[in-house]
Amino acid sequence: MRKTKLKHTTITVTITLVSVAVIFALIRAFVIHPADSFAEEGSVLFVSKGCSQCHFVDSMETKVGPGLEGLFKQEKLPMSGWKVTEENVRMQLETPFKDMPSFADRLTREQMTQLIEYLKAL
Amino acid sequence: MTGGILCIILYTGFVVLPVILATFLGSGSERFIPELGKNFGLMGFMILIAQFILAARIKWIERAFGFDIVIRYHKNMAVLAGCLLLFHPLLLAAGGRGWQLIAGLKMPWYIWLGKVALLVLLLNIFVSSFQTSFKLKYEKWRLGHDILGPLIIVMAFTHSWIMGDDLELASMKTLWIFALILAIFMFLYHVMIRPWRLKRCSYRVVDVQPETENVWTIKMTPPEGADIYDYLPGQFHFVTFYRQMNLPVEEHHWTISSSPTEEDYVSSTIKALGDFTSTIGKTKKGDRAAVHGAFGRFSHVLHPEEKDLVFIAGGIGITPFMSMLRHMRKTMDTHSVLLIFANKKEAQIVFRDELAEMEKGGHPRLKVIHVLSRPDEDWKGETGYVDREKIERFCGADPGGKVFYVCGPAPMRRAIIADLRNMHVPDERIRMEIFSFLE
């Protein structure tokens, strides 16, 4: 009956679309831009977007802002005192403290992820 | 069915296209979870665009499936889009954007716009799915649906245009603009352009014939020099009557009760069931009617190899069968047809005399069995409801090569289809069409 065919068609299309979404997300995340390249791209962004002008990456000493060596090994972020999590670092990049400029409009979401991956590796 | 498969492939390709473009042409990427969230967002948007195409009564899509199936698919896909778009922010939040994306109040206006679009979409889906439970009238629901649909798509477009990283790609921008224009054009064509064209070439009411206490047959003829649109017996059409000033102007769909062999007129037999149809008897000769037809696949003509038919009609559900029977009579058809016609009372039997004449005529070889659920004391025929016992008694316990057509109120239709399945009648031999879009 046509109603049964409708049910089968709906299920088939739903499974196909969700599968395509999953497969292409996997391809994009692991094949075209694998995660281990994030940190590398993040290191380029750290320089090109001007972060290196204010932050050391090989020291915890203050340059203009706090040094970032071992940032993700710390318990708290240096300025805000927030717990060191990916979410909080992202929030601080978007709505920073004191003189640090906001990077909400300067970095795409993907670039922000790459930068965070780089900071994790420090 | 080849057309149907082609439609489904085109539909799927249309929905996944932005995901393919973003994956292979996009400059950067995130990890799996946020990428999945983005893909759900892209696909959800494309499904919403395609909703406008499905609802626009495109003939070549309708022909492949039948309009009732297309509308139900539209409903199913709305639920799928709602789920994908609900998971879109959840996956982005879980994938690193932070739960403030969901719970936070301080955020840019374009994120709020996306949130509002999602809430309005979910509200629209909820109300549309449960409109009968809310006792929401069809016209009011349709007005709300016609306002909310374009509103959602414009909000979703704006949100994704500003927010979407992949929308930085020229190919994605082009696709997004094309999709928006397509949706808006489909919407305007459906609600404004086509109704205006149909009104310009409106039909004229040439006869209003009372059938029973609250049932009328309205015959309409096309404008001079024009032919009646092509239709099959058993199909339905959309009609907007333009009558006296104080009578409502609303588009409704009714089954065609005339046979396509009638060259002068097309007719619908309409029962006063709701607010609008209660005024149907006030329709006068000379009134105008914008007619859009024909739709549906509930027709024996589409299955010429099937010769042994059982029609089961409930009340005004007789109308598509009358169209088919009249066509068979006119074409000297030799089909064998058993018509089981259920009504509450004897006085409510529509077309009783004409059916009796057809029985004697031999074309088709017709047998009519009336079943009344609330008969008067002097009724000698069948009583009660049409159920398995009656169907087996009338058709034999083994329905063999018979094909069953069922049309009537939803509870009756569901009960009979359940009975037929219990009798091991295969689904391919049960035909029905859901005429109410509210079910």
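Domain bounds here come from an automatic or database domain assignment. In this predicted model, chain A is divided into two parts on that basis: domain 1 spans 1-32, and domain 2 spans 34-121. The centres of domain 1 of chain A and domain 2 of chain A, taken over C-alpha atoms, are separated by 37 Å.

Chain B receives three domains from the assignment. Domain 1 covers 2-196, domain 2 covers 203-295 and domain 3 covers 301-433. Between the centres of domain 1 of chain B and domain 3 of chain B, again over C-alpha atoms, lie 42 Å.

Confidence was examined for chain B and for the complex. Chain B has a mean pLDDT of 92. Of its residues, 98% reach 70 or more. For the complex, the predictor gives an ipTM of 0.85 and a pTM of 0.81.

Strand pairing was then followed from β1 of chain B. Strand β1(B) comprises residues 203-212, and strand β2(B) comprises residues 215-221. The two run antiparallel and are joined by 7 bridges. They form a hairpin, with 2 residues between the strands. One of the bridges links B:T212 to its partner B:V215 in β2(B).

Strand β1(B) also pairs with strand β6(B), residues 288-295. This pairing is antiparallel too, and extends over 2 bridges. Here B:R204 has B:R288 as its bridge partner in β6(B).

How values were computed: Residues are numbered from 1 along each chain as its sequence is written. Chains are lettered from A and ligands numbered from 1 in the order in which they are written. This is a predicted model: local features need pLDDT of at least 70, side-chain atom pairs count only at pLDDT 80 or more; totals for chains, interfaces and linings use all residues. Side-chain values use heavy atoms; hydrogens and water are left out. pLDDT is the predictor's confidence in each residue, from 0 to 100. Two strands pair if DSSP finds at least two bridges between them. Helices (H or I, at least four residues) and strands (E, at least two) are DSSP runs, numbered from the N terminus.
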